[in-house]
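This briefing walks through a two-chain model, moving from individual contacts to the way the copies are arranged. Please keep the sequence and the structure in view while reading.

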Protein chains: 2
Amino acid sequence: MPLLVQKYGGTSVGSIERIKQVAAKIIRAKRVGHDVVVVVSAMAGETNRLLGLAHEIAEIPDEREKDVLLASGEQVSVALLTLALKEVGQPARSYLGHQVRIETDSAYGKARILSIDSTKIVQAIKAGDVVVVAGFQGVDEDDNITTLGRGGSDTSAVALAAFLNAEACEIYTDVDGVFTADPGICPQARKLARISYDEMIELASTGAKVLEIRSVEFAKNYSVPVHVRSTFSDVEGTWLVNEEESMNDVLVSGVASDKNEAKITLVRVPDQPGLAAQIFGPIADAHIVVDMIIQNASEDGTTDLTFTVPKADHKKALSIMEKALPAVHAKGITVDTEIAKVSVVGVGMRTHAGVAAKMFQVLAAEGINIEMISTSEIKISVVINAKYTELAVRVLHEAFIGKQGTV
Amino acid sequence: MPLLVQKYGGTSVGSIERIKQVAAKIIRAKRVGHDVVVVVSAMAGETNRLLGLAHEIAEIPDEREKDVLLASGEQVSVALLTLALKEVGQPARSYLGHQVRIETDSAYGKARILSIDSTKIVQAIKAGDVVVVAGFQGVDEDDNITTLGRGGSDTSAVALAAFLNAEACEIYTDVDGVFTADPGICPQARKLARISYDEMIELASTGAKVLEIRSVEFAKNYSVPVHVRSTFSDVEGTWLVNEEESMNDVLVSGVASDKNEAKITLVRVPDQPGLAAQIFGPIADAHIVVDMIIQNASEDGTTDLTFTVPKADHKKALSIMEKALPAVHAKGITVDTEIAKVSVVGVGMRTHAGVAAKMFQVLAAEGINIEMISTSEIKISVVINAKYTELAVRVLHEAFIGKQGTV
């Protein structure tokens with residue numbers, strides 16, 4: 001029978017009532033002729049409750065023990081879902097990360113999956129069981145418990161689909177699929193029927209939080225068809241697939257925005273070799289992720305260097321920069337937390353020129369000033385004043401997508 | 001350094017504040033020169049919370065999945081205690097049942113420990129770590145999660161002490177030790193300095209709920225010195241040790257009572273071979289534990305057969321008996337839930353006659369009727385009307401222990 005991997009998030013298993021509904025949904029898939037492997041997250045709120053306990057003890061809890069703690073959340077939900085399946089007569093069996101050897105590296109809190117031993121899962125499927133696997137967790141080569149980071153259950157599901165050679169990986173969530181823009185901002189936004197892995201990666205990294213970026217990379221590497229759809233309805237969602245010829249006809253698949261970054265500028269630093277390393281070395285050592293970096297040399301041999309960091313980290317970054325100021329001979333620092341990154345994404349850009357120019361025109365027509373620009377092969381991101389975020393998304397959607405008819 | 005295994009129950013780790021206090025206690029033991037392996041239970045209330053979730057799904061939850069669910073409770077407490085130790089600078093490391101291969105049989109919910117792989121624990125101790133091991137849980141040979149039943153953490157601790165060849169196993173609890181009687185019933189009751197394993201086993205099986213009986217059997221089999229003491233003070237508690245010569249001078253070490261049984265009588269059953277099997281087979285099949293059984297043949301070829309079962313199971317036992325009635329040709333059934341079992345225990349009985357006679361006299365002098373009697377080499381139990389329980393304990397304690405001076 002064709003094998004489906006289904007993943008249900010914390011909201012989908014957030015109460016006993018919902019767990020029973022998920023069980024019913026799984027059984028429907030089984031009845032129409034699928035073998036089913038299910039991956040579940042911890043019940044909604046549980047991970048935060050556990051983190052709260054850890055933080056009552058330590059401001060920065062030990063990483064290894066924090067993973068032991070957090071992995072208990074998924075252990076509870078796999079057991080409850082399996083109980084719910086068995087209670088209505090569906091043979092089922094739960095497995096934890098260590099039981100099917102979801103082996104990861106030892107990077108506690110953000111481990112990467114290296115391999116999965118599918119033996120027990122395949123046996124259970126052959127015996128007619130629905131197999132329920134704990135998401136988010138694994139073990140390293142020495143059997144230490146690891147977790148994959150927020151959204152890690154998506155990666156668990158995609159990895160299982162890859163290692164089990166499943167027909168598809170269904171990600172059940174509380175939205176109907178991937179949209180051309182956030183419908184809360186842009187009423188014109190429509191659900192995409194299909195999107196390429198690369199576009200989804202760009203959208204995920206530019207603020208569209210439907211799927212964790214690492215799971216999409218995994219899906220791309222193993223060509224796993226991923227179906228993002230709603231737990232609460234049976235309508236088709238959005239398929240993540242390899243890039244297809246027809247996708248190139250669409251210039252822009254989606255418009256995303258992200259208000260969670262802050263902008264830091266080092267004013268008039270001497271433009272000399274080794275400067276960037278001197279500045280970003282200590283930032284990286286503090287585990288602060290820098291997103292965009294812009295540097296423009298000017299005539300007088302100095303340069304303004306601007307970069308963005310997560311808003312939550314900007315004070316830490318600032319204090320690091322202030323210490324570095326004398327060494328890099330900067331004249332000063334400015335910080336702006338009232339910024340937004342707005343991005344347009346589409347594989348069509350690879351073969352069509354003029355997307356950037358049109359994007360700048362559209363924003364200029366609204367009087368929106370562009371503070372930073374960053375591009376990839378299939379994405380253009382601009383940083384603007386945060387107050388224009390929603391306006392920018394709407395006008396860009398209107399210009400690139402609104403008139404294309406059905407996407 | 002001499003190795004101590006310490007076990008802390010759910011009340012001792014019932015809140016973050018208490019977990020921090022336990023960490024301080026462990027560090028004191030480490031500072032005075034002990035290596036320490038700690039076994040913890042789930043935080044107080046957690047096991048019941050998880051069971052409540054399971055019972056929202058199924059009246060009789062699947063045993064395998066119930067164990068997966070319940071084992072998560074100890075996972076949380078080992079992580080939190082290890083975090084608390086590390087936070088105050090004490091190197092520490094948690095281990096779950098599967099990580100140190102606490103291998104058990106596959107009897108979910110009441111598994112027995114077969115072996116423990118001490119390699120990782122010994123390594124961690126050598127590295128200076130306090131090792132924190134999840135109690136109550138293990139894995140079977142196929143890596144399925146198992147639990148040891150209520151009070152199983154005591155058994156985990158004693159088993160670890162045995163396999164690690166520890167100097168002693170300290171069981172920290174909310175009482176000061178093992179008493180000659182329940183101090184709540186009998187103000188004369190005193191803490192015992194030492195008690196033999198056999199006496200403790202009899203006391204545990206007759207209602208004194210300080211230690212789970214299986215852990216005491218384990219301690220006896222491996223001659224592990226067990227020290228039962230209070231989490232909340234530093235006074236010496238009670239040592240469980242091998243029987244010593246001097247113990248024989250004490251006729252009775254303790255008086256225990258148990259109101260959790262019900263008495264069922266099958267009236268006038270034909271006294272013929274195979275009868276007991278016919279009656280107790282279906283009771284055993286329903287996993288009901290029968291305690292005392294009394295049968296007296298009478299002249300007319302019939303017999304009254306009386307037995308006791310846990311009060312919680314008496315309705316189930318009754319409905320099984322009613323079905324069996326025609327087959328065994330009984331004239332009727334009577335049930336009494338208003339009973340108590342009162343027991344006196346002491347290794348001195350082995351070498352001294354007359355304890356039973358004195359016990360019956362003492363009870364008769366108070367007008368307390370004896371409904372059933374059961375004896376072992378070092379114990380005499382009687383079933384009486386529940387309303388006399390406290391009175392019986394007090395007069396027996398006064399008669400056998402009260403005047404012996406210091407125990």
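Two residues are taken to be in contact if their C-beta atoms, placed from the backbone, lie within 7 Å. By that criterion, and leaving out residues up to four places away in sequence, Leu81(A) touches Val13(A), Ile19(A), Val22(A), Ala23(A), Val38(A), Val40(A) and Val132(A). The model is a predicted one, and the points below are grouped by topic.

**Nonpolar core**

- The largest nonpolar core has 236 residues, and those with the most contacts inside it are Val38(A), Leu81(A), Val133(A), Val38(B), Leu81(B) and Val133(B).
- As a general background to this, nonpolar side chains in soluble globular proteins tend to be buried together.

**Relation of the two copies**

- Chain B is superposed on chain A, with an RMSD of 0.2 Å, by a rotation of 179° that has 0.0 Å of shift along its axis.
- The two copies are therefore related as by a two-fold rotation axis.
- In chain B, the C-alpha nearest the axis belongs to Ser72(B), and it lies 2.7 Å from that axis.
- Both copies use the same surface, since 100% of the contact residues of chain B recur in chain A.

**Contact between the chains**

- The contact takes 27 residues from chain B and 27 residues from chain A.
- On the side of chain B that touches chain A, the elements that give two or more residues are helix 2 (46-57) and helix 3 (63-87) of chain B.
- Helix 3 of chain B gives the largest share of that side, namely 14 residues.

**Gly73(A) in helix 3**

- Gly73(A) lies in helix 3 (residues 63-87) of chain A, and because 28 other C-beta atoms lie within 10 Å, Gly73(A) is buried.
- Not counting residues up to four places away in sequence, Gly73(A) touches Ala42(A), Glu46(A), Thr47(A) and Leu50(A).
- Gly73(A) and Ile27(A) are 46 residues apart along the chain, and their C-alpha atoms are separated by 24 Å.

**The eight-stranded sheet of chain B**

- Chain B has an open sheet of eight strands with mixed pairing, in the order 3-6-2-1-9-11-12-10.
- Its edge strands, each of which pairs on one side only, are strand 3 (92-95) and strand 10 (194-196) of chain B.
- From one strand to the next, the twist averages 20°.
- Within chain B, strand 2 (residues 35-40) and strand 6 (residues 130-134) pair in the parallel sense over four bridges, and Val37(B) stands opposite Val131(B) in strand 6 of chain B.

**Helix 11 of chain A**

- In helix 11 (residues 389-402) of chain A, the buried residues are Thr389(A), Ala392(A), Val393(A), Val395(A), Leu396(A), His397(A), Phe400(A) and Ile401(A).
- What covers these buried residues includes strand 13 (254-258), strand 18 (339-345), helix 10 (355-365) and strand 20 (379-385) of chain A.

**Asn369(B) in a loop**

- Asn369(B) lies in the loop between helix 10 (355-365) and strand 19 (372-376) of chain B, and because Asn369(B) has 11 C-beta neighbours inside 10 Å, this residue counts as exposed.
- Asn369(B) and Val382(B) are 13 residues apart in sequence, with a C-alpha to C-alpha separation of 9.6 Å in space.

Conventions. Residues are numbered from 1 along each chain as its sequence is written. Chains are lettered from A and ligands numbered from 1 in the order in which they are written. This is a predicted model: local features need pLDDT of at least 70, side-chain atom pairs count only at pLDDT 80 or more; totals for chains, interfaces and linings use all residues. Copies are superposed by least squares on the C-alpha atoms of residues with pLDDT of at least 70 in both. A residue is buried if 20 or more other C-beta atoms lie within 10 Å of its own, exposed if 12 or fewer, and partly exposed in between; C-beta atoms are placed from the backbone. A nonpolar core is a set of buried Ala, Val, Leu, Ile, Met, Phe, Trp, Tyr and Cys residues joined through C-beta atoms within 7 Å. Two strands pair if DSSP finds at least two bridges between them. Axes are lines fitted to C-alpha atoms, for helices over the stretch in contact, and angles run from 0 to 180 degrees between N-to-C directions.
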